[in-house]
Amino acid sequence: MARVLVGVKRVVDYAVKIRVKPDKTGVATEGIKHSMNPFDEIAVEEAVQMKEKKLASEIVAVSVGPAQSQEVIRTALAMGADRGIHVDVSGAEYDLLQPLHVSKILAKLAQEEKIDLIIVGKQAIDDDSNQTAQMTAALLDWPQGTFCSKIEKTGDGFTITREIDGGLETIKTKSPAVLSADLRLNTPRYATLPNIMKAKKKPIKKVTPKDLGVDTAARIEIVSVNDPPVRQAGAILPDVDALIGKLKEGGHVK
Amino acid sequence: MFSQAPKPLSRVFSQLHRFQSTLVIAEHNNNTLTPITRNAITAAKAIGGDVSVLVAGKKCGAISEALSKVEGVTKVLVAEKDAFNGLTPESLTPLVVALQNQFKYSHIVAGASAFGKNVIPRIAAKLDVSPISEVTEVKSADTFVRTIYAGNAVLTLKAKDPIKILTIRGTNFEAAKDGGSAAIEQCPDGDYNTNLSEFVSQELTKSDRPELTSAKVIISGGRGLKSGDNFKLLYDLADKFGAAVGASRAAVDAGYVPNDLQIGQTGKIVAPDLYIAVGISGAIQHLAGMKDSKTIVAINKDPEAPIFQVADHGLVADLFKAVPELTEKL
């Protein structure tokens with residue numbers, strides 16, 4: 001049975017309309033509702049389903065970030081993860097933390113914890129990078145199954161259905177592997193109140209990148225963060241004929 | 001004396017500029033080149049310096065011929081091997097790392113398609129470089145623009161790593177045209193077989209319509225369509241424009257259409273000349289995928305739908321009446 005590591009990120013809630021800071025250094029995050037990255041919820045759900053099918057023995061939920069990241073670890077524990085690891089990174093170091101740094105942390109933890117399977121979301125909805133699974137796999141020299149919409153345990157590895165541009169693709173990977181969850185992999189469960197209470201008793205270990213021997217030196221410099229160009233508000237047209245008129249004006253129809 | 005200072009400085013800069021050399025990783029299906037590769041070549045040209053293109057695969061002949069004629073390409077490197085069946089990142093990464101060690105590129109670039117997103121970060125990690133995803137603009141050889149938070153903020157960043165590894169957003173760069181004559185060379189030989197992963201099969205959605213990410217006109221449907229059968233209304237309208245048909249996540253999740261039609265933060269990013277959103281409310285995640293379209297038309301019965309805030313032309317109407325009427329009158 002596999003020992004599974006799931007990566008969970010605390011991000012600004014997907015329904016929040018974000019605001020760029022007036023000094024153009026970033027996006028305002030203080031006092032704003034945060035929650036678990038939606039793709040990571042799917043990753044946790046998949047791990048929990050594997051445990052329910054007796055394919056996984058233990059699920060370790062890891063989050064890299066400031067103290068509040070423990071909230072998303074608690075959520076993962078309430079969904080069914082067994083224990084948590086909080087890798088403490090905050091302030092300016094966190095602002096410039098890249099998926100490469102997180103991948104190095106996950107790879108190191110995977111080795112220390114003798115993990116056989118890592119599942120993460122395909123991308124975080126804040127930085128929209130879509131890199132962590134791929135880079136963690138590279139660092140461990142494990143196969144990668146990205147954008148998974150179906151994961152099956154077959155033989156000595158996995159058979160994975162992936163979402164690609166033209167449709168779907170099936171690949172086989174050996175185990176151990178790193179997989180990334182796409183939206184259609186599953187529907188995450190809600191944590192029930194009794195499970196939320198139980199999750200409070202589950203252990204969360206706190207470590208730092210330094211403890212793990214991971215260098216988090218900045219790889220990028222933020223030049224500026226700006227609002228996207230604002231589209232000019234258009235007009236509401238009275239009927240289909242007016243719309244056809246506008247399409248003709250724009251040269252879209254003859 | 002001081003007035004002369006800028007001159008030598010700019011000369012130094014232009015020399016540095018000349019030393020840029022970019023490797024573009026071509027995406028193809030053994031028969032045809034995926035169009036986003038041409039957009040990636042344009043981004044590579046914007047960086048400056050030489051542009052080499054790597055064609056790896058089971059069959060590379062036609063693709064490398066086609067690429068050698070693309071304007072701005074200096075060299076086409078070919079690696080034709082069964083090991084590259086299905087273009088798995090586990091087989092391609094050691095090849096690109098070997099090329100990097102030999103040719104010392106300053107930049108490695110691919111289109112931000114499912115292929116590019118899958119392979120580029122693996123290469124970057126092997127080279128200990130922090131990659132930059134979905135670049136929308138090249139400011140200079142080390143300064144790039146990309147969007148974050150589902151397109152609601154624009155980040156300009158300077159990459160500090162010695163090698164810059166990027167995926168580029170296809171809709172933000174023109175497709176490179178034909179008009180070049182590059183040399184075709186074989187990649188140095190190597191064993192790229194991997195037992196880590198194996199390509200099994202692909203099930204591609206069959207369609208006579210233009211490919212979604214390069215279509216000039218897109219008609220897109222959402223939850224308001226109410227069923228998969230009703231998408232026929234959109235296909236009929238699309239025929240009038242020679243348009244591609246897309247969908248919101250709600251329509252995909254409801255099973256109306258396959259997921260590869262999904263437009264948005266988690267689906268495809270499109271920027272056609274004309275985008276007609278039918279029965280789509282306009283959630284942040286959907287807007288992330290289409291708000292760079294030149295003209296946006298929204299047809300929705302809810303006047304409060306957020307889609308009307310980005311639409312150039314809005315029609316508050318029942319789509320089941322308005323769409324057939326539009327199709328008929330065009």
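Predicted model: local features only at pLDDT ≥ 70, side-chain atom pairs only at ≥ 80, totals over all residues.
A:Glu163 is buried, at 9% relative accessibility. The cut-off for buried is under 20%.

A:Glu163 sits in strand β8 of chain A. Its side chain meets that of A:Arg184 in a salt bridge, 3.1 Å from N to O. A:Arg184 belongs to the loop between β10 and α6 of chain A, so the pair ties together parts that are 21 residues apart in sequence. The arginine is partly exposed, at 22% relative accessibility. Side chains of opposite charge can pair when their charged atoms come close.

The loop between β10 (177–181) and α6 (193–199) of chain A also holds A:Asp182. A:Asp182 is buried, with a relative accessible area of 2%. Leaving aside residues up to four places away in sequence, A:Asp182 touches A:Phe39, A:Ile42, A:Lys122, A:Phe147, A:Cys148 and A:Glu163. One of these, A:Lys122, makes a polar contact with A:Asp182, side chain to side chain, at 3.4 Å.

A:Arg189 is in this loop too. A:Arg189 forms a salt bridge with A:Glu52, and the closest N and O atoms are 2.7 Å apart. A:Glu52 lies in helix α1 (residues 38–52) of chain A, and the pair links parts of the chain 137 residues apart. A:Arg189 is partly exposed, with a relative accessible area of 28%.

Other salt bridges follow. Over all chains, the structure holds 35 salt bridges. One joins A:Lys9 to A:Asp127, with the closest N and O atoms 3.4 Å apart. A:Lys9 is in the loop between β1 (2–7) and β2 (10–12) of chain A, and A:Asp127 is in the loop between β6 (117–121) and α5, so parts 118 residues apart in sequence are tied together. Elsewhere, A:Arg3, A:Glu58, A:Arg83, A:Glu113 and A:Lys205 are linked in a network of salt bridges.

Return to β8(A). It runs antiparallel to β9(A), and eight bridges join the two. A hairpin of two residues connects them. Within this pairing, A:Arg162 has A:Glu169 of β9(A) as its bridge partner.

β9(A) leads across to chain B. It pairs with strand β10 (residues 197–204) of chain B in the antiparallel sense, over seven bridges. Here A:Ile171 stands opposite B:Phe199. A further pairing between the chains involves β12(A) and strand β7 (residues 153–159) of chain B, antiparallel over six bridges. A:Val225 stands opposite B:Leu155 in that strand of chain B.

Now take the interface as a whole. In contact are 75 residues of chain A and 80 residues of chain B. The two chains bury about 6,600 Å² between them, with 54% of that on carbon and sulfur atoms. A:Asp165, A:Arg219 and A:Arg231 supply 11% of the area that chain A buries against chain B, more than any other three residues.

Polar links also cross the interface. Between chain A and chain B there are seven salt bridges. One pairs A:Asp141 with B:Lys126, the closest N and O atoms being 3.2 Å apart. The count of residue pairs in polar contact is 51. On the chain A side, the elements that give two or more residues include α4 (99–112), β7 (144–154) and α7 (240–249). The largest share, eight residues, comes from β9(A). By type, this side divides into 37 nonpolar, 17 polar and 21 charged residues.

Strand β1 (residues 21–25) of chain B runs parallel to β4(B), joined by three bridges. B:Val24 is partnered there with B:Val109. Strand β8 (residues 164–168) of chain B also pairs with β4(B) in the parallel sense, over five bridges. In that pairing B:Ala110 has B:Thr167 as its bridge partner.

One more buried residue of chain B is B:Ile63, at 1% relative accessibility. It lies in helix α3 (residues 61–68). Beyond residues up to four places away in sequence, B:Ile63 touches B:His28, B:Asn30, B:Asn31, B:Thr32, B:Leu33 and B:Val55. B:Ile63 and B:His28 are 35 residues apart in sequence, yet 7.4 Å apart in space, C-alpha to C-alpha.

Note on methods:
Residues numbered from 1 in each chain as written. Chains lettered and ligands numbered in written order. Heavy atoms only, no water. Helix = DSSP H or I, 4+ residues; strand = E, 2+ residues; numbered from the N terminus. Buried < 20%, exposed > 50% of the residue type's maximum accessible area, 1.4 Å probe, protein only. Contact = heavy atoms within 4.5 Å. Buried area = accessible area lost by both parts, 1.4 Å probe. Salt bridge = Lys/Arg side-chain N within 4 Å of Asp/Glu carboxyl O. Polar contact = N/O pair within 3.5 Å; in protein donor to acceptor, adjacent residues only side chain to side chain. Nonpolar A, V, L, I, M, F, W, Y, C, P; charged D, E, K, R; others polar. Pairing = 2+ DSSP bridges.
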